[in-house]
Amino acid sequence: MVAVVPVVLFHAGVPMIGGGYVGVDVFFVISGFLITSIIKRELDDGRFSLLTFYERRARRILPALAFMVALTIAVSTLALLPTAMERLGHSVVATALFASNFYFWQTLGYFSPDAEFEPLLHTWSLAVEEQFYILYPPLLMVIFATPLRRRLATILLVLAIGSLGASIAAVAFRPTAAFYLLPFRAWELGLGALLAVSSLPNIRSVPLREAAGALALLAIVVPVFAYTSTTPFPGLAALPPVLGTALLIHLGQNKNMVSTLLSVRPIVAIGLISYSLYLWHWPALALFRANKGSIHLSAFEASAAVVLSVALAWISYRYVETPFRRRKLFAQRRSILSGAIVAIVILSLLGVSLDLLKGLPQRVPERALQAEAGAQDRNPYRPPCLGRRAGQGWCVIGAGIGGYEIESGRADALLWGDSHADALVPAVEMAAEANGLTVAIATLRACAPIVRMGRVNSSRSSKCLSFNESAFNKVLASDNFPTVILAARWALYVEGSRFGEEAGEDVILQWADPMKPIEPMPVGNPAIFEEALDQTVQALRASGREVIVLGPTPEIGWNVPTKLSVQIWKGREEPLGPERERVQARTNRTIEILRSVAERHGARYVDLLDPVCSDRCRLWIDDAPAFVDDDHLSATAARELLAPVLTAELQRLDQSRIRADRWSLTGG
């Protein structure tokens with residue numbers, strides 16, 4: 001109960017339960033303790049068998065898992081769009097092979113907004129556990145067969161400390177791997193295992209035992225409320241819930257208030273169905289979201305999904321889990337192991353079929369397919385060019401290139417910015433070609449083109465600071481790039497908050513060694529943003545370069561291709577784009593800052609809102625969505641709506657200054 005309830009509440013979006021994901025860590029410790037207790041007892045008695053162990057695991061895990069996956073596939077045909085259905089096929093295969101943690105590590109962050117629509121995302125933890133139990137029992141058998149048996153606790157302690165150290169390091173440098181992969185989670189299972197083989201003294205003092213129980217429960221509960229999706233995890237942050245769980249297990253040998261609380265009938269009932277509840281809660285929530293076309297569920301919708309998952313969990317426990325575990329079905333070892341292999345093969349074939357059939361697009365009307373395809377209508381040069389550092393050579397587009405090439409000679413201009421700048425590349429390319437110019441691309445996700453400005457509690461901040469510093473230094477140190485074009489999702493940095501239904505962490509700006517320290521340094525996002533942008537533009541202008549500041553493009557507040565396609569598919573009324581007044585309310589302060597900085601230093605400000613939003617923001621360009629998600633323009637929209645604006649802007653520049661072959665620092 002302590003493990004599954006926080007996870008369910010967190011995934012249901014209950015306010016204040018920002019760290020409910022620690023329930024998985026609680027589960028790992030309990031699992032390590034229980035399984036090791038069984039294995040050790042059987043090894044001590046000389047009756048442990050790997051086949052018997054894997055038979056028990058198959059009875060415990062596979063029937064309910066296969067039932068959940070099969071029903072999820074069936075329901076998904078009514079809720080998932082073809083692209084999502086195709087991805088489901090991939091995750092079904094990964095789940096059947098107990099490799100879904102590897103699949104999601106490679107394709108999706110656990111806290112990514114897109115993760116909310118993946119019905120089998122939660123199976124990553126089952127994969128971690130099963131991978132552990134493929135390796136762990138043979139290791140114990142080897143240790144028990146040698147004199148190392150007397151050092152079993154020491155060996156497990158060393159392995160756990162090594163895994164914890166790797167987890168701490170990986171959280172800093174490979175956070176997604178740290179979250180999903182066994183080497184960085186094994187210490188949690190290992191701590192439970194260590195508890196099972198150690199002879200720790202009981203706490204005889206009743207007051208001390210009660211205090212220890214309360215402390216252990218707090219160590220689990222406090223992170224549930226205190227942690228968020230931005231907390232670096234697991235690593236050191238996982239220690240409190242993991243140690244708290246271990247202490248609760250140890251204290252459970254003697255009666256105390258916490259153990260009494262956890263033994264009341266409703267909590268025990270939840271504990272009985274906890275595995276099935278874990279299996280069912282996430283597909284229910286994910287498919288509710290998919291059917292709505294939004295990651296945000298109302299309180300009623302989330303409650304309905306949770307109630308449904310509890311009902312399915314009870315059915316699964318009563319009619320699937322229990323009969324298999326009690327050998328009422330597939331009583332013989334050969335039959336259950338053969339059945340497990342057949343189930344794995346069938347699920348894998350179902351997953352492969354969904355992939356080969358392209359997610360069954362015939363289920364969906366043509367216009368809904370067009371809307372869904374809009375999510376792929378991105379800058380075609382995004383994969384090779386986004387994130388390229390100055391030292392690698394930037395991509396160059398424009399006149400005479402016919403695509404992109406890696407910078408080797410000179411470029412007439414530099415487009416510098418974040419993923420919003422990347423979305424403008426198709427428009428910039430058309431404008432450059434129309435004016436006979438070439439443009440280099442320096443873009444990085446979540447990285448505004450402003451030097452010495454960082455973000456608090458963001459794993460991307462140091463990468464962004466380094467990227468911008470190298471780009472800035474390269475520009476100032478060369479006779480290249482006589483014009484610099486700055487573009488970004490400016491309003492996010494100024495306001496700090498996400499817009500509409502968008503999930504994700506807030507942006508909190510901070511200084512990082514400003515070029516011109518002043519007293520007092522500005523504080524707060526708007527003030528820091530304005531001063532840091534001012535210093536960046538001033539330095540670029542002082543080098544003799546032209547600077548063009550492209551204004552913000554609109555944020556819609558919900559995923560345009562997803563919601564359009566779902567609404568069309570379900571025969572619901574298509575949503576309208578946000579009214580211009582709402583967009584301006586979001587961007588007015590940002591535009592005022594951008595205009596002010598540009599005017600202060602003789603740079604040019606270019607408005608990009610008018611072409612996209614008149615009375616309302618456009619959602620379609622003919623048969624193509626104007627956005628690929630909730631805030632990035634599609635390539636079609638960039639070309640159709642913004643290329644004419646940028647073409648005219650480049651024409652206004654003095655051609656003798658913009659062309660690199662006629663420009664130099666000494667020439668002004």
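**A mixed sheet and a helix pair**

An open sheet of 7 strands runs in the order β2-β1-β4-β3-β6-β8-β9, with mixed pairing. Strands pair if DSSP finds at least two bridges between them; strands (E, at least two residues) and helices (H or I, at least four) are DSSP runs, numbered from the N terminus. The edges are β2 (405-406) and β9 (604-606), each with a single partner strand, so one side of each has no neighbour in the sheet.

This is a predicted model, in which local features need pLDDT of at least 70, side-chain atom pairs count only at pLDDT 80 or more, and totals for chains, interfaces and linings use all residues. Residues are numbered from 1 along each chain as its sequence is written, and side-chain values use heavy atoms, leaving out hydrogens and water.

Within the sheet, β1 (residues 395-398) and β4 (residues 438-443) run antiparallel and are joined by 4 bridges. G398 stands opposite T438 in β4.

Helix α26 (residues 635-652) packs on the sheet and touches β8 and β9, where contact means heavy atoms within 4.5 Å. The direction of α26 makes about 165° with that of β9. Helix α25 (residues 580-600) lies across β8 (546-550) and β9, at about 155° to β9. Angles run from 0 to 180 degrees between N-to-C directions, and axes are lines fitted to C-alpha atoms, for helices over the stretch in contact.

Elsewhere, helices α3 (residues 50-79) and α4 (residues 82-96) pack at about 170°, their axes 11 Å apart. They are therefore roughly antiparallel, the word for angles over 145 degrees. L65, V69, I73, S76 and T77 of α3 meet M85, L88, V92 and T95 of α4.

Definitions and conventions. Angles under 35 degrees count as roughly parallel, over 145 as roughly antiparallel, 65 to 115 as roughly perpendicular and the rest as oblique.
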